[in-house]
Each structure stands twice: as C-alpha cells, then as structure tokens.
Number of protein chains: 2
Amino acid sequence: MFNQALIRPQSIVVVGASNNPAKPGGHLLQNLLQYSFGGKLYVVNPKEDSVQGVAACRSVADLPSVELAILAIPAAACVQAVRVLAEEKGTKAFIVVSAGFAESGDMGQQLENELLKLVDQHQGCLIGPNCIGVISPAYAGVFTSPVPALDPRGIDFVSGSGATAVFCLEAGMKKGLRFASVFTVGNSAQIGVEEVLQHWDESFTAESPKVKLLYLEGIRDPQKLLKHARSLRLKGCRIAAIKAGTGESGSRAALSHTGAMASPDVAVDALFRKAGIIRCYGRDELTTVAGLLLLPAMAGNKLAVITHAGGPAVMLTDCLEKGGLQVPRFPDSAQKEGLKSQLYPGSSVENPIDFLATGTAQQLGTIIDCCEHDFPEVDAMVVIFGSPGLVPVSEVYQLLSVKMKSCRKPIYPVLPSVVNANEAIREFMDAGNLVFTDEVAFGHALLKVTNAPQPMPDDRQPSKNVQLQQIIASLPDGFLPPLEAQRLLEAAGIATLGQLQADGEQQALDAAARIGFPLAMKVVGPLHKSDVGGVLLNLRSAEQVAAGFRRLMAIAGTSAVLLSPMLNGLELYIGAKYEKGFGHLIFVGLGGVWLEIMKDVQVALAPVSRTEALQLISKLKALPLLEGYRGQSGVDIGQFADLLVQVSRLVEEAPGISELDLNPIIAEGKRFSPVDIRIALNRK
Amino acid sequence: MFNQALIRPQSIVVVGASNNPAKPGGHLLQNLLQYSFGGKLYVVNPKEDSVQGVAACRSVADLPSVELAILAIPAAACVQAVRVLAEEKGTKAFIVVSAGFAESGDMGQQLENELLKLVDQHQGCLIGPNCIGVISPAYAGVFTSPVPALDPRGIDFVSGSGATAVFCLEAGMKKGLRFASVFTVGNSAQIGVEEVLQHWDESFTAESPKVKLLYLEGIRDPQKLLKHARSLRLKGCRIAAIKAGTGESGSRAALSHTGAMASPDVAVDALFRKAGIIRCYGRDELTTVAGLLLLPAMAGNKLAVITHAGGPAVMLTDCLEKGGLQVPRFPDSAQKEGLKSQLYPGSSVENPIDFLATGTAQQLGTIIDCCEHDFPEVDAMVVIFGSPGLVPVSEVYQLLSVKMKSCRKPIYPVLPSVVNANEAIREFMDAGNLVFTDEVAFGHALLKVTNAPQPMPDDRQPSKNVQLQQIIASLPDGFLPPLEAQRLLEAAGIATLGQLQADGEQQALDAAARIGFPLAMKVVGPLHKSDVGGVLLNLRSAEQVAAGFRRLMAIAGTSAVLLSPMLNGLELYIGAKYEKGFGHLIFVGLGGVWLEIMKDVQVALAPVSRTEALQLISKLKALPLLEGYRGQSGVDIGQFADLLVQVSRLVEEAPGISELDLNPIIAEGKRFSPVDIRIALNRK
C-alpha cells in the first residue's frame, strides 16, 4: 500500500538502467536525472561500471539500503530482485515497468502473484507491473516522454493504461495543462486506480491538487471507487474520467490488453453520477474538460462571448444555448452605449460582442472591464481571438493573460489561429495559461463541466426488517411465485393490490366475490402475459369471470390465474438489478411502451435517497405525464419518490434479490398499486 | 455572375496595393506575388511609383485594360474605381475586400447597391464586398494567411465569413487537408454561397474536385442551394457544411456581423438531408469530416482497428459501435493463427488487433496485408500508432503511407503522439497524407460520413388539380372552418371521416342519425379542444348526443359541434408548414403525447416522394407501434406513406396553405381517418 517510500523517497534505484535511452531502463534513468530528483540515485546493471554517469552496481545484492526500486528487467528476473531488495535492502516501494506478467498468460500470472506476495509480506508498495511508472513532485519515474512540467496546483492523473496516459499527456500539454502527479497502474497487482484515489482522499489537505483525471478500462472495486471519488468531491475536488470499453468489442479489446474486467456500462454511468464524476469518452474531450476544471468555475449560467470574428462566436453560441447555457442579449443601458462609443463603428455590443477584425488589445480590455463591472448579466466571459495573419496578436494575448488573473469573473480563452498565431499562442502558454483552439469543442466541455453531477452523500440507513429477513430466509432461489413476491413487498411496507390467486373455477369465483367488480384477471406462468392474450380487463360479472378463467387456463404454461381489482391510471415502472461489485441498480420510469420502446428510464445505484429519487423522476422525458397532462390527472410525485426509496431499501436489506420488476405500477393521485410483481432471488 | 475573368484571369490589378504587408492591400499583393500568378499583374497606389517591386499606377484611370480587379480601398472610393474599371478598362470581375458596405448600415447599403448595379450593367462578376477574397488554382487573391498549397484533387471551400474561413483553413492544414479553391463571399452582394455552388455544379467535369465544404450563416436562396448541392451529390461529389446561427442568440450574432437572414433550423436540417449534405457544427468537426471525404470511402460497415497501444483502440471501438459501425471479432482461421505467429507473444489478433508497444513497421505491414487479403470481415482499417518517446516512428509512418496508396481497402491513420512524434507526423503530412490525432473525434467524423444522407432525386410531378384550385380560390385567408378544411382534403383525394357539423340540437340529432352510434362530438372554435373538455367520445344514444350538445355549446368560444363516427386505432400525425424560401416542411409522427412530449417527429422538405416518406416513417422511434406491438394491431405503413405523399402534393399544388395539421389521424390497418383537420391559408 501507499507509503512515503513511494511518495517522497530519499533514495531510488533503477534496476536495469541502461546507457541506451531507446531502452526503458535508459529513458527512465534519463528522466530521473533530468527532472531533478533530490535524493540518492543508484543504478544496477550487470555489465557496466557506470550508467549515464551514475556509478553502477552489478547486482541488487551490491546495493546499500534503498527506499524505492524501479525495475526495468525481464519479468522472470523481477521476483529474485524484489526478494533481495525487500529482505536485505529495506526497500519499501517498487515500481515494476517490466511486461510479461498477468497480461501474458498463466506463467506471468504466477510471477505476478509471487511478486505481490513478497511485497505484501514486507508491507511494501507495488506499482505495476506492466506500467510506464509514476511522476510525482519528487521524481520523474517513467520510461516515456513527455514529462510535463510539474505544478502543485496542476492535475492529479491516474491511468490504467500506460500508452494512453502518454497520449493524454501529449493532448493535455498542447492545451497548456499542468500536472501535479501521474500514476500508471499497469496490471494493478496491488495498487489500482481505486487505491490511488484512496490515497488522494486519505492524504487530502487544503494544499492538495483539486483536479483529478482518471483513465479506466476496468473497475475492480466499484464501491471503493465510489467511496473515495465521492469523498474527494465533497472535499471540493473536481473529477473527470474516461471508462473505456463500453460495448462488447471495446470490452473485448480492454480485456485483451490489460486483463481488465468488463463492467456493464449502465452501472458505470450510475456510479459516476453518484460519485459526481464527469464522464468523458475521448482524450481530447478529457483534456479540454480538465482545462476548464483548472480554471475558475462560473457562478451562474450566463456568458458573454467576445470576439473579433463573428463565425466562431456564432457556432459557440449555438452550442452553448443548445446545451442550456445562456448568451443573453444585454439590455440597453448607458454602460452599453458607453462601451459602443469606445469601439470601432460597426462593432456590435449585443452579445456576442464583436469588436471587428481591426479590434485592438485596448478595446478588448475595455470590453472585459465592462463585462466585469457593468454587465450584471455576465457570469463569465469567453474571448475568441485569432489572427488573419496581418498583424501580431501578442499584445492582445498579453492583455488577456493579465485580465484572466485580475478579473473576478472567469475568462475562458479560445485562440483559433493555430497556424497564424502559433508563436503567440506558445508565448501565452509559456506564461502559464491554458488554451482552447476549437470553440465548439470548448463549448461542449463547458457544458459537461457546468452540468457535472453533484456527488450524492451516502445517507444509508442501517435498519433491519426482521419480518423481511424471515420471509427471504424461507424462500428458495429463483423467481418467486406471485403471492410470495406480493408478501415480500408488503413486508417492506409497500402496499400492493391484494391480488388473489385461483387454480380452480370456483376458487376464481370466490376470489372475484371478495375483490368486487370490475376486476382484472391474468395468467400465472407465461412471461409475456399480454403477448399470449393472458390478460383480461374489466370483467364485470361472475359469468365473465368463469368464462375468462377457462380461457386463460387453456393458455400453454398457465398454472393458475391472478385476480385483482380493475384500476385506471398511469402505468409506472420501478425495477432493480444486482450488478456484481456495484450493488443494486435501481430503475424508474413509465411502464409499457414508454419503457419498452422509448427506453425512457432513469437509473441510479442503490441506496437511492429521496433527493436522488426526485432527481431521477424529474429527468424522465415523460415527466409531464406524471405531473398531469392535458386534463389527465397526474400522480403524487413525492409519493412516487417514496416508493422508489422503499424499493431501494428493500434490495439493500435483501441483497439476495437479484432482480425485481414492478411493471406496471398503476398510479392515480396518491395511490400506487404494483400490478405485476416479479422478484428473483439469487444468494449464491 | 461567374466568368472567366474571375476564374482564370489573364491580368489582375490590386487597387490599394501597399508596401506594408500588415495592410490588406500589402498582404494581398504579397500573396499574389508569392503564389505564382502567371498573368499580368498591376497595382494602383496614389503615392508610390512601385509597390513590392511592381510598377504602380497612381489611379485606375492610368491602367491598361485588365480582367480582374481586387479592391482594397475605402468603401467610399470603390464605386468610382469600379466605374472606371468597368467602363474604360474592360474589367469583368471584381473582388472587393473593403468593409464599410451593407454590414455597416444604410449608407453602406447604398454604396453596395451602386457597386452591384455598376457591375451588373457590365455583365461583370462581383465577389464581396467585405470578404477576404478568393484562392483559385490561378491566383491567391486573399489578403490573409495562410494560403494552403493548392491541389486540383483537394477541397472546394466556400465561406460566408472571411475570418471563419481563415480559422477553418488553419484547422484543416493542421490535418494535412489540401484545397482546390477557396471562395469567401462577404456580403454576397452578387455572388453568394448559392451562386458558388451553382458555378461548381454548372462547370462540373470529371476532373473537378469532388469534396465541397461550406460555411454558411444565412441561406438567401434555399431552393438554389438545394438544387445545386443535390445535383453535385448526384454527380458523385460529397458535401459537408456548417450552417451557424441555429438558436436565437446565435442567429442574432450572425445577423449582427454579416447581415445574414436567420433561417429556421429545422428547415435547414431538412434541406441538408434532402440535398445529401453532411451537417457539421464546428471547425474541427468540419475539417475532420473533410479529411475523411478526401480518403476512399468504406465499402461496408466493418472495420479492423490496428494499434500498438490498447486504450485508444478501445475508445475508438466504443465510439464506432455506439454509432452503428462494426469492429467484428475475427473467426478462428489458419490466416489468423498465421498472423499471430508473426507478431510478438502477447499480441492480440482479435479485433482490435494489438501488436504491442514494441511492435515494428514490418509487423504492421503484415497485419495490413492480412486485413487486405485474408480477412473478408474487414471493409476498412484504422491504424492508431503513436510513440512513447523511446524510438523513432518514421519507419512505421512511411510504411503506412505506402500501404495507404497501395491497398484496395481504405486505411485511416490516427497518429496521437502530437508531442513525441511531432516531426514524424509532419514528414507524413509532407508526403501528402492526412492525419487524425484524436481517435474519438475521428470516430465521430467517420460515423457522420458513413451515415451521410443520400440526396433525394427531384421527382416532382407537375399536375394540376382543378377542383382543388377552385376551392382554394373561393376561400379567404386564415384558418378554414372544419368542413371547408375537410372539403379541401377530399378534393386532394384524401379520405376523411365525413364529419358533420351542427349548431342546433335537432341538427345534431339528425347528424347523429346519419352517422350512427357510437360517435364522437367536439367543439368548433376553441383551439385546444381536450384542454377545455371539448371532446366527447363513445356517445351511444340520442339522449347522450342531446345532453352532450348542450354541454359543449356552453364552452366559451364554441360556435358549433362536429360529429363523427367513433373510431379506435393508433393516433397518427401529419403536418405541413410553409417556410419562406424553403417551401413547405412536412412533418410525420404519432399524435398525442408522442408528438407533444416525446417530440418523436420526422421532418422533410416538400415534395416528399414515396421512398422518402417510407424513410421518414422508418426513422420514428415509435415505429414498433406502427408495425403492431405486443398483440396490438399495427397500421399499413405503405398506405401511411401514401397519405404523406398526398399531403405533400396538396401543399405543393396549393402553396397558399401556410399551415396544415392532421392531428390525430386515427389509423387501423389500412384505414386512415383524419379526425382533426386544421388548415390555414396565407397567400400574401
């Protein structure tokens, strides 16, 4: 597990150091030497006396005691080296960049197991194997380029894939992103992405970096990820992540190259929402979002778009407004007139503000000051400024740089002239600034950031429903018979329709007499009852019940019929499904075609709080129907949320429930009646 | 209009040429001199004898005859200069880069009118004013940088905004895009985007560039755009376009800086689909799509993803499969085993193919050859190859370059290492190749390109329905009374329900007797009939009709009631709306909540052919309901399409119909009965 030897080692040895910088052990040593590791540096090379100017030991046995070892030697040699280091040299942290472990088959898995066992025995820390290493404020322990300039206020980045980490760094550096640390975890034998998050969470102080980026291919411990991501978010951090491998082939690819476990994508989505993680799908998107997370956040949802060239401002405005942000027209005012008078004729001081191709740095300063002080409609500014190649733009970018630091309202720079203003953009970045070059990619990222999910506090209520536990204990695994399912719901405090079951005609007539007319009858047995004609509605007499009973019992697979009062109302849906590692997913929506054709369903990870339940319901497209639409009466949404919370509690208390479907629930006003109840148990 | 003087001038004069390259007249001349214009070049400058080495005339009057004039002088001076050039120098083409015309107010509009009048009088061609100019194979007539290297097989690009054109060129050049021509139209006094398209269409030959890019802020003549874009598509061209200004503020911005007319976005979408134009929303997207359009198209929908680094391949595969393309697993075969044996142990020859970080150029060649010859599952290849910074990758990129030219199946290069492999990427582009750097941005563009709309042939049927014309002529503008609307539909051959209207109780009873029971009654007058309780269903007796009549007539605004047979079935929707310039938009979907809440509606520009009608219906999310769902009977979709075509013909023959709504149409099997018919006429 994480220790000081990994984070702030006093001494490092590179085992397998080379004079050839094209080899991992060569490049690694080069990086350590170049990026000023302040402690004692040793190298091991069986053939050389000195490597890159560092005196070499021929074998690890020849080393003095050393805190951190970075291994770049063949997999087969790693175990013995680690043994000597751990047992004789007091080494407490190991970064194994070598490949040839679990990712390569059974032999490699065995080597990896031995490695892990050794490190664990000595309470050591193990990064990798099969990774590119670690970059921390103390040392640049990677065998790859580039090593970004480190900044304690920059980004903490952890990646499940080494090459992807490199490409993310490259994409990020092109935008001026600064990094505080980079962890690649490779095969995650001991330390995976979850453990890095845990470390960031548990070591968090006011000085810690606030922006965390994750690249994940598998999630080994979803609950750990949720716990620490949520905790970091609640401490004020902002997190964006890619979880690759969403589809069947993508997962196959992820499996093939890291041995990661495929996770159902809908569960990943639910986890990210609950933890408050912004989900991204590509490197360019991730690094653009990261750029925005490093900049101050908007206090509201209104932007001024300031430009000297109309088109990009129009495209950005389209994008922002489609996503729900506002680029509000400025009301007429003396300030607006005053601003207009300081710009060239033909400039527009509506919003977007267009100060023309000939606009100057001074005019830009005036506009920014005006937005900062005089326009209360503005929560943030986007400045789009490129160059048609006639005059230098450095002066404009210098002003922008100054204003970005001095203004209270955030200013986001979009500098599109990647050819004409290449040099000026580089200077702007060298001054410590971030750069966005495509206004629409910027706009999409801004929408992602402003719509970032809020972490849901963990308000789990430990409670034991004894009756529920007893019922569950008495039932075998598999799908429950309808009346047992009904009993389970009732025990969880969920009112049901009080359905009655009959497998004889007289029994059906007796049940009908107890329920009263009109009533509904349906088959017990067949799965898709409607499809086989197994549902009869609005039966109004004993004769209809008798005839109906005979008709239903004749349907193949039918063992009995269920009778229930005839209800009218909206058809709603609540479901639950157990996902290994994640716990239960809770689903909510309208029933019937809304669920099956429109897929208008919202999902959350259990436990679902009332706040979360209301949020889920409010995100349904069919919400207007719940609220009451065109003279049709709606339902009590608060009560619907309560029912959702009850179902969430039920599966929380009875984790053996692998599936639960209330479909439909007939709802009218305050009454919610689950009409079809399917529950499956699986406690293996 | 377009003429040879613009396209291939023998002589050009720059009026307002300057020695200062920071001035438009200076930069323009520099570009003309630098990019080898082969004809005679003149300059006019009132103060200099020679400008950038070219002997200068003091005034246009001193010029000899000259074919093309490029004006970079104040707006106020342009009219006189053009007059002299047109009247005395035989000048037939004018590019006016000067601003200060229509975009700046009434005075400028007047100047622009005079300019246009003069040019028109002399059958000349006018580009601009307020543009950055034109780049053609013959000359680089722009005052901006960069001027891309010209390639007759490159892109034809036209932009309504000069600065945006510059930024698009910059984004494109970073990807290695090559251009055949660039037109910026500025205020489009004479030549707008539509006219440039017309020129490309009318001058099209087998040698013409096949890829067209458009940046539009307004569409002045939608029908002209449709005609020539569609024609170019049918001749084998591929077109991608941005139409900026989709929302209210965006449109405001577009208006403010080009004087463009805002077009309703749904009409733009419909036009693009009909013309076969790929709609893009940002510069990076547009230029990525353009890159793909320049490369060979995929014959099918199956890709091999080839990489030495898993992560990007996983993200790309996720993106492609979510969008409907396939990255199929390769079935076990001798070829697959053979390939595996030629790669390093641990490589994966499933799809994605991962040949590891240490993979070589030779191995990549083997993989590509295998995909080309041995894997019939592969229609195209994506090669993702970056560099962790250890060894050079030029050899790999050189091989890629060779294979891209020699393979029958398209190969798309994604080169992510924008820092580590910067030089190698530049060499790759210098060899004439395109580069994509972000696999997911590439994936989205590939999906756009493979899902590009097919142009709809214009199968307009000229026919005159005399009866229809007579009825229309007899009616005043405004919303038609229900029975008149019904008469209009009947005249167009659309069967209606045969509704009867009554404004007295006895009349209602008589109508009921003719229609038979059960029947429906609804108010005439109020707009949202259901909302006011103005619809009564399932009336089964004369008593119910009489009581219902009295109840309905008591509703405010009710002048009469309509009686119609009671029907059961799916509620469908067909609508039409006239959009100035575009013609009629035709809408189709299901009625009720499907339309109002789910917005599940498809739109096309009239005329709608039967093929197009079937396509629209097939794109409805609610399609399964039309096809018959869960025991509910569906409708005859062919007949629904026929009805859509009939409505399209109706509005085509009666363009005075400004709005038409059949909502709902009650449909069961082959019977489609418009129950509520709203038609408005507006012939002003």
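What rotation superposes chain B on chain A? In this predicted model, the rotation is one of 180 degrees, with 0.0 Å of shift along its axis. The RMSD of the superposition is 0.1 Å. The two copies are thus related as by a two-fold rotation axis. In chain B, the C-alpha nearest this axis belongs to Met598(B), and it lies 4.2 Å away. The interface fits this picture: 100% of the interface residues of chain B are also interface residues in chain A, so the copies meet through the same surface.

Chain A was examined next at the level of domains. Its residues are divided into domain 1 (4-135), domain 2 (148-294), domain 3 (303-450), domain 4 (466-565) and domain 5 (570-681). Between the centres of domain 1 of chain A and domain 3 of chain A, taken over C-alpha atoms, there are 49 Å.

Two helix pairs of chain A were then considered. Angles under 35 degrees count as roughly parallel. The crossing of H6(A) and H7(A) is left-handed. On the H6(A) side, the contact involves Glu194(A), Glu195(A), Leu197(A), Gln198(A), Trp200(A), Asp201(A) and Glu202(A). H7(A) contributes Lys224(A), Leu225(A), His228(A), Ala229(A), Ser231(A) and Leu232(A). By class, the residues in the contact of H6(A) with H7(A) are five nonpolar, three polar and five charged.

The second pair consists of H17 (residues 466-474) and H18 (residues 482-491) of chain A. Here the packing angle is about 160 degrees, with the axes 9 Å apart. Angles over 145 degrees count as roughly antiparallel. H17(A) and H18(A) are therefore roughly antiparallel to each other. H17(A) passes H18(A) in a left-handed crossing. From H17(A), the residues in contact are Gln467(A), Leu468(A), Ile471(A), Ile472(A) and Ser474(A). They meet Arg487(A), Leu488(A) and Ala491(A) in H18(A). Five residues of this contact between H17(A) and H18(A) are nonpolar, two are polar and one is charged.

In chain B, helix H17 (residues 466-474) and helix H18 (residues 482-491) were also examined. Their axes come within 9 Å and cross at roughly 160 degrees. That makes H17(B) roughly antiparallel to H18(B). H17(B) and H18(B) cross in a left-handed sense. The contact joins Gln467(B), Leu468(B), Ile471(B), Ile472(B) and Ser474(B) of H17(B) to Arg487(B), Leu488(B) and Ala491(B) of H18(B). The contact of H17(B) with H18(B) has five nonpolar residues, two polar residues and one charged residue.

Some details of the backbone complete the description. In chain A, the peptide bond between Ser145(A) and Pro146(A) is cis, with omega about -10 degrees. Pro146(A) sits in the loop between strand E9 (139-142) and strand E10 (150-159) of chain A. In chain B, a cis peptide bond links Phe517(B) to Pro518(B), and omega is near -10 degrees. Pro518(B) belongs to the loop between helix H19 (505-515) and strand E21 (519-524) of chain B. Gln52(A) is not a glycine, yet its phi is positive, at about 50 degrees. Gln52(A) is placed in the loop between strand E3 (50-51) and strand E4 (54-57) of chain A.

Definitions and conventions
Residues numbered from 1 in each chain as written. Chains lettered and ligands numbered in written order. Predicted model: local features only at pLDDT ≥ 70, side-chain atom pairs only at ≥ 80, totals over all residues. Heavy atoms only, no water. Domains from an automatic or database assignment. Axes fitted to C-alpha atoms, helices over the stretch in contact; angles between N-to-C directions. Helix = DSSP H or I, 4+ residues; strand = E, 2+ residues; numbered from the N terminus. Parallel < 35°, antiparallel > 145°, perpendicular 65-115°, else oblique. Left-handed = near helix turned anticlockwise from the far one by under 90°. Contact = heavy atoms within 4.5 Å. Nonpolar A, V, L, I, M, F, W, Y, C, P; charged D, E, K, R; others polar. Least-squares fit on C-alpha atoms with pLDDT ≥ 70 in both.
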